[in-house]
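Please look through the sequence and the structure below before reading on.

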Amino acid sequence: MKPNVFVKEKVAVIGAGLTLFRRRMLETPRELAWEAAKQALESAGMTLSDVDCVVIGTAPDAFDGVNLNGEYLADVAGPRKPTVRVYVGGGTGVMVPIAAWWHVASGVCRTVLAVGEEKMSPARPHPQGVFAYIWDPILERPLGPNLIWIFALEMRRYMHKCGAKKEDIALVSVKNKRNALDHPAAQAAANITVEDVLKSEVLVWPVQRLDISPVSDGAAALVLASESVARRYTDTPIWVEGVGWTLDNTHWYNRDLAYPRYVEYAARMAYRMAGIERPWKEIDVAEPYDPFDYKELHHLEGLMLARRCEAWKLVREGYFDRDGELPASPSGGLLGVGNPIAAAGVMKVAEIFWQLRYEAGRRQVKKPVHKGVAQAWGDLMQAGTVIVLSN
Amino acid sequence: MPPPRRVAVVGVGWYGFRPATPEVSFREMMFEAAARAYEDAGVNPRTDVDAFISCQEDFWEGIAIADEFAPEPIGGVLRPTLTVAGDGLQGLAQAYMLVKSGYFDVVAVEAHAKPSDIATVQEIYELALDPVYVRPLGVRNPLFLAALDARAYMETYGVAREHLALVVSKNKRNGLSNPRASFAARVEPEDVLKAPYVVEPLTRLDIASFVDAAVVFVVAGEEVAKRLTDRPVWIEGVGWSTEAGTGSLQWHAWGRMPSMRDAADMAYRMAGVSSPANAFDFVEVEDRFSYVELLSIEEARLAPLGSAASMLEAGDLDRGGYLPVNPSGGSLAFGVPLEATGLARALEAVLQLRGEAGPNQLSGVKRALVLSWRGPPTYTSIALVLSSE
């Protein structure tokens with residue numbers, strides 16, 4: 001890997017929008033995507049006619065139940081735009097602004113509308129059913145695995161290797177659901193205690209109901225622009241400083257389940273582009289991907305914001321709280337705001353955008369902020385996508 | 001400011017182009033094509049390729065997150081790899097931008113299709129129709145969209161079924177000297193007219209068949225390309241466009257394909273092509289339905305609207321004509337490998353421009369247009385301007 005750190009064209013995020021994250025939204029996938037896109041355009045002071053290109057993100061097509069789902073959602077951009085859909089499973093949400101970045105950085109487009117959408121609730125009997133079809137059709141699918149099984153393996157491995165207890169990991173859920181109380185779009189915000197998490201229904205030990213993010217419908221959108229366009233529209237553009245993404249192999253069972261190597265590789269790529277050498281000192285606010293509470297710890301370590309096996313200790317000290325040294329998931333994350341897969345990743349980037357603009361309202365972190373990182377993760381525990389923004 | 005960086009195709013590899021490939025899984029097919037492309041480019045994927053793009057759609061694979069299987073067969077493990085849920089040429093456009101931005105020097109693009117594994121291709125196409133407004137109509141066959149378009153095109157511009165039959169006859173004949181053309185044949189226009197309808201006005205022979213294939217391209221920035229090969233094929237322009245209303249009926253301009261025109265115009269702008277009608281030595285355009293070849297020529301401004309049929313009659317579009325169209329035989333001869341269709345078309349153009357098309361070679365060709373459509377019920381098209389100079 002030899003990313004060229006001397007990319008000339010600067011790219012800015014200048015607008016963001018978000019629908020409510022809820023289970024069983026009445027809007028169609030197209031309508032959800034449009035609602036988020038409209039907000040993002042309005043916040044950037046633009047209309048559809050100002051948009052050159054479109055990048056769409058949505059995870060398994062089976063949730064929307066539409067083949068060629070990117071084509072179906074392309075309506076969000078109105079007629080006749082260069083449109084593409086990128087896809088790295090759960091990591092798609094952060095891949096969308098990354099792809100939007102190269103549309104602008106290459107000089108091919110001046111403005112890009114980046115949209116993530118997911119409507120999980122229509123799947124019957126339960127959205128988990130869709131995940132029955134993600135496995136290797138020959139080696140794994142006949143075993144009838146359930147997605148939560150492999151996360152249980154991963155969580156158990158992390159606890160074993162790092163000496164973390166359920167009580168320590170539950171603190172992440174408590175923190176994120178509490179942070180989400182201040183988020184107007186949140187689905188699963190709550191004031192809960194560690195006790196509540198430990199007493200919630202066991203799904204697959206050690207994963208319990210409150211360790212896991214909800215099934216959600218929703219959409220989120222961003223507007224990205226070249227430097228000259230961004231300066232015309234806003235005094236406070238948020239710059240894309242670094243992007244990175246990595247896919248590990250398909251064989252999750254051969255992996256070190258205690259540490260997400262692929263996230264580290266993606267982070268190193270993004271940090272290198274951003275000129276960041278000591279992320280734990282230089283990053284002011286982080287949105288690590290947190291579909292499960294232990295995943296936030298995993299990813300904070302992969303992002304090199306905590307030493308290996310130490311993230312859970314720092315959570316206990318309040319280091320990652322909204323008023324802590326390095327706020328993590330100040331939005332409330334997937335555990336609190338909700339997890340419409342591709343939209344959740346875009347929501348994380350949008351949160352960093354609002355934090356760096358000091359527009360996060362009651363969610364604004366205490367410390368002054370200059371640089372933030374958002375990350376998502378996907379596929380069979382194999383994809384890491386990382387974006388670094390600065391003001 | 002330094003001149004913008006040029007981007008070239010430095011390696012191509014393919015596997016399959018047969019109606020069935022029982023000897024390989026889709027992953028083995030990807031590997032075969034990738035290994036050949038890397039050999040062709042003279043690169044080691046583990047050290048020399050900076051990023052990898054795979055083009056596939058979940059529903060074709062029967063896997064809910066098909067992206068999981070992208071990295072290994074193409075050498076992208078623990079490297080920047082992603083899936084573009086779209087045509088191979090949309091993936092190539094992403095690779096072009098990644099190299100153009102300066103972030104990467106060498107990017108690989110892969111697309112594959114194994115329709116022989118799919119028992120119900122048309123039913124899966126049906127799932128691409130709008131679930132609220134169109135699917136409840138219970139039209140069992142998404143090809144009706146193509147038939148409506150064909151009818152509208154023929155009525156508006158006075159194109160007869162005989163013209164469509166000529167296209168089929170020309171392309172299937174052109175394919176006879178192409179090793180990838182499984183469906184090449186000596187077919188007379190009368191045979192096409194006599195064939196049974198699938199959807200009026202399109203007969204069985206007017207519609208290209210599905211085929212298994214994998215295609216891999218390696219693209220590189222100018223300096224690297226010149227180091228790697230002495231026959232780079234430059235990507236002078238690329239354009240892509242999606243109309244609103246894929247899977248819907250209400251917005252489409254029947255008998256036209258505005259997305260093709262937009263894609264071509266975007267590619268022409270990038271390539272500095274001002275009069276496309278005489279800019280190209282040959283073109284590889286969409287022909288998964290016979291009428292689309294004529295429509296593509298017109299939407300790409302290679303001929304005025306409504307005039308392609310008379311050019312065809314005059315022999316202008318033949319291999320020896322004034323503008324050879326689909327000298328490879330096009331999809332009517334090599335088939336429709338789902339998301340690999342665009343790359344397959346580009347593959348034919350690259351081989352021609354390198355002078356490696358074997359018995360199919362045209363003499364003295366330097367610049368070509370590739371124009372592909374994702375097929376019904378989508379309205380997405382991609383255009384590519386390639387040059388050997």
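Are α6(A) and α11(A) roughly parallel or roughly perpendicular to each other? The model is a predicted one, and in it helix α6 (residues 166-179) of chain A packs against helix α11 (residues 293-302) of chain A at an angle of about 100°, with the axes 7 Å apart. Angles of 65 to 115 degrees count as roughly perpendicular, and α6(A) and α11(A) are therefore roughly perpendicular to each other. On the α6(A) side the contact is made by A:Ile169, A:Ala170, A:Val172, A:Ser173, A:Lys175 and A:Asn176, and these meet A:Asp293, A:Tyr294, A:Glu296 and A:Leu297 in α11(A). By class, the residues of this contact are five nonpolar, two polar and three charged.

A:Asp321 sits in the loop between α12 (311-316) and α13 (333-336) of chain A. In sequence A:Asp321 and A:Val172 are 149 residues apart, yet their C-alpha atoms are 9.5 Å apart in space. Setting aside neighbours within four places in sequence, A:Asp321 is in contact with A:Lys175, A:Arg178 and A:Pro327. A:Asp321 counts as partly exposed because its relative accessibility is 22%, and buried would mean under 20%.

Chain B also has a helix pair to consider. Helix α6 (residues 143-157) of chain B and helix α11 (residues 290-299) of chain B pack with their axes 10 Å apart, at an angle of about 60°. α6(B) and α11(B) are therefore oblique to each other, and α6(B) passes α11(B) in a left-handed crossing. Here B:Ala146, B:Asp149, B:Ala150 and B:Tyr153 of α6(B) meet B:Tyr291, B:Leu294, B:Leu295 and B:Glu298 of α11(B). This contact has six nonpolar and two charged residues, and no polar ones.

In soluble globular proteins, nonpolar side chains tend to be buried together. The largest nonpolar core in this model has 172 residues, and those with the most contacts inside it are A:Trp101, A:Trp102, A:Trp245, A:Tyr271 and B:Phe217. Helix α14 (residues 341-356) of chain A gives the most to this core, with 11 residues. Not counting residues up to four places away in sequence, A:Tyr271 touches A:Ile276, A:Pro279, A:Ile283, A:Leu303, A:Met304, A:Leu305, A:Val373 and A:Val388.

How values were computed
Residues numbered from 1 in each chain as written. Chains lettered and ligands numbered in written order. Predicted model: local features only at pLDDT ≥ 70, side-chain atom pairs only at ≥ 80, totals over all residues. Heavy atoms only, no water. Core = buried A, V, L, I, M, F, W, Y, C linked by side-chain atoms within 4.5 Å. Buried < 20%, exposed > 50% of the residue type's maximum accessible area, 1.4 Å probe, protein only. Helix = DSSP H or I, 4+ residues; strand = E, 2+ residues; numbered from the N terminus. Contact = heavy atoms within 4.5 Å. Axes fitted to C-alpha atoms, helices over the stretch in contact; angles between N-to-C directions. Parallel < 35°, antiparallel > 145°, perpendicular 65-115°, else oblique. Left-handed = near helix turned anticlockwise from the far one by under 90°. Nonpolar A, V, L, I, M, F, W, Y, C, P; charged D, E, K, R; others polar.
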